[in-house]
Amino acid sequence: MLELKNISFGVSDEKGEKEILKNVNLNIDDNKFVVITGPNGSGKSTLAKIIAGIEKPTEGKIFFDGTDITDMSITERAKLGISFAFQQPVRFKGIYVLDLLRIAAGKDISVTDACKYLSEVGLCARDYVNREVNASLSGGELKRIEIATLLARGTSLSVFDEPEAGIDLWSFQNLIAVFERMRETTKGSILIISHQERILNIADEIVVLANGTISKTGSKDEILPEILGTTAAVSSCDRLDKGGDKCND
Amino acid sequence: MIDEIQKRILQEVADLHETPVGAYNIRANAETAERNTTENIDIVTKTDLPGIDIYIKANTKNESVHIPVVLSESGIKETVYNDFHIGENADVVIVAGCGIHNSGSSDSQHDGIHRFYLEKGAKVKYVEKHYGDGDGMGKRILNPKAEIYMDEDSVMEMEMVQIKGVDSTIRDTKADLKAGAKLLVRERLMTHGNQVAESEYIVNLLGENASTDVVSRSVAKDNSYQRFDSKIVGNAPCTGHTECDAIIMDNAKILAIPQLEANDLDAALIHEAAIGKIAGDQIIKLLTLGLTEEEAEEQIVNGFLK
């Protein structure tokens, strides 16, 4: 369904050229739950943004269901069936949760339908449909609403950029439950950027990215034992012991 | 008689699809076109100046007054004086609003001067919408002026909306609040093209526990200019808050001047002002949901002004 061919991405600043991704080749098959992991600064989030069209690769091609989407805009990709959940969900003054879910669904879904998506991410729907997506919502609430917008879209590929970033441990436990449920119920492929052991643990496949290239790829059973204890797979408690890892590469 | 253009403008400014229920005075092209009074609400034409006096009896509940103004002939310039006398403990809705359709080459201008006298315990919800259309070169100009005198424990809630279409507006609002009185202002404004919109508020909190909240949300597009100047004066133990939140686009200019003056130790006054462009992240988020850039921008602006 998704095929990345020789993807490279570089940026230039005052220090000169910097290569973030080098010749990345990756295939995501239909209905798979894939987690891309790797240490901070390995290029994971950049890769997710390249898939969504937010960043354009300097070299390489991207195919989605056989179509070359390399030069397509974010909107065109969204319409084809790619969804993207932000690492830091965006706030909007005056736009209500219901509005956002309706935009995501692409039609005027009923309040009942909107409530269904909110319930799936563990939010008491009645309390949230008429809330503004503004600073009054906590990081954990925003994260779940972000996921609900992807459920409302129901596309064949959903990409989540570090869903655990910026939320407290308690919310993190609930988030895992949401992904476990999505894994069971969602039709389509799910691609998550994460280095949380609990998320890696529910993957069909794990891709390890290091210094801008794919260093390992395989089933969870093959990969997870190799990376446990490294920065590519941290447990929630490690995070706590370290005084909170800022997952913001 | 009300013609088709006037009917359409009445819909825009007063949400009137047919003759309103209750008291009303419809002014079209500088003269009263239709009027209705009720047992509790009387409307009397002024003899010394153009305009009307509206008398609302004490304890009048759940009644409304509509006083829309329509200018559909190009070149009309008028100044109208409307005085509202709201009796003790009355609780009413007043819907004003002015729409200009100008397809001629002369400027059309309506300067509405409203004075509100709220007696003890009176409650008013005031809604005012401005609207302009027509493809003439003549400007559409609206300069509303309001003076609000609030007796003890009276409450006034004002909702003012001007979304596009009006070339030039200078809004001037002054209020004096006695003990326990409360004034809430919600202003929503969008300017585009070469429009100019200026808003000035002076709220004097004169008595104990008087309170006010003056909030403006606005969007300035193209080459338009907005000025929001809001001043709260606290002369007693009171609370006041004023806020201006604006989105700036294109080559627009916005000046926000919130001012506070405390003349009493227990006057608690706060102001906030924020001006900024639409965040890039907001646009990108909506693109990933399948909207185009234009649709995303429209969605953000409409939400902000909702």
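Two strands pair if DSSP finds at least two bridges between them; helices (H or I, at least four residues) and strands (E, at least two) are DSSP runs, numbered from the N terminus. With that in hand, look at Ala85(A), which stands opposite Phe160(A) in strand 7 of chain A. Strand 6 and strand 7 (residues 157-161) of chain A run parallel and are joined by four bridges.

In chain A, six strands make up an open sheet with mixed pairing, in the order 6-7-8-3-9-10. Strand 6 and strand 10 (213-219) of chain A are at its edges, each with a single partner strand, so one side of each has no neighbour in the sheet. From one strand to the next, the twist averages 15 degrees (axes are lines fitted to C-alpha atoms, for helices over the stretch in contact, and angles run from 0 to 180 degrees between N-to-C directions).

## A helix against the sheet

Helix 1 of chain A packs on the sheet, touching strand 3 (33-37), strand 6, strand 7, strand 8 (189-193) and strand 9 (205-210) of chain A. The direction of helix 1 makes about 145 degrees with that of strand 7 of chain A. Contact here is for two residues whose C-beta atoms, placed from the backbone, lie within 7 Å.

How many of the nine residues of helix 1 (residues 44-52) of chain A are buried? Nine of the nine are, among them Lys44(A) and Lys49(A). A residue is buried if 20 or more other C-beta atoms lie within 10 Å of its own, exposed if 12 or fewer, and partly exposed in between, with C-beta atoms placed from the backbone. After helix 1 of chain A comes Gly53(A), with a positive phi near 95 degrees.

## Where chain A meets chain B

On chain A, 20 residues are in contact with 16 residues of chain B. The elements of chain A giving two or more residues to this side are helix 2 (74-80), strand 6 (82-85), helix 3 (97-105) and helix 6 (139-153). Helix 2 of chain A supplies the largest share, four residues.

## Confidence and conventions

This is a predicted model, where local features need pLDDT of at least 70 and side-chain atom pairs count only at pLDDT 80 or more, while totals for chains, interfaces and linings use all residues. Residues are numbered from 1 along each chain as its sequence is written, and chains are lettered from A and ligands numbered from 1 in the order in which they are written.

The pLDDT is the predictor's confidence in each residue, from 0 to 100. Chain A has a mean pLDDT of 88, and 94% of its residues reach 70 or more. Among its elements, helix 2 of chain A has the highest mean pLDDT (97) and helix 10 (residues 236-241) of chain A the lowest (54).
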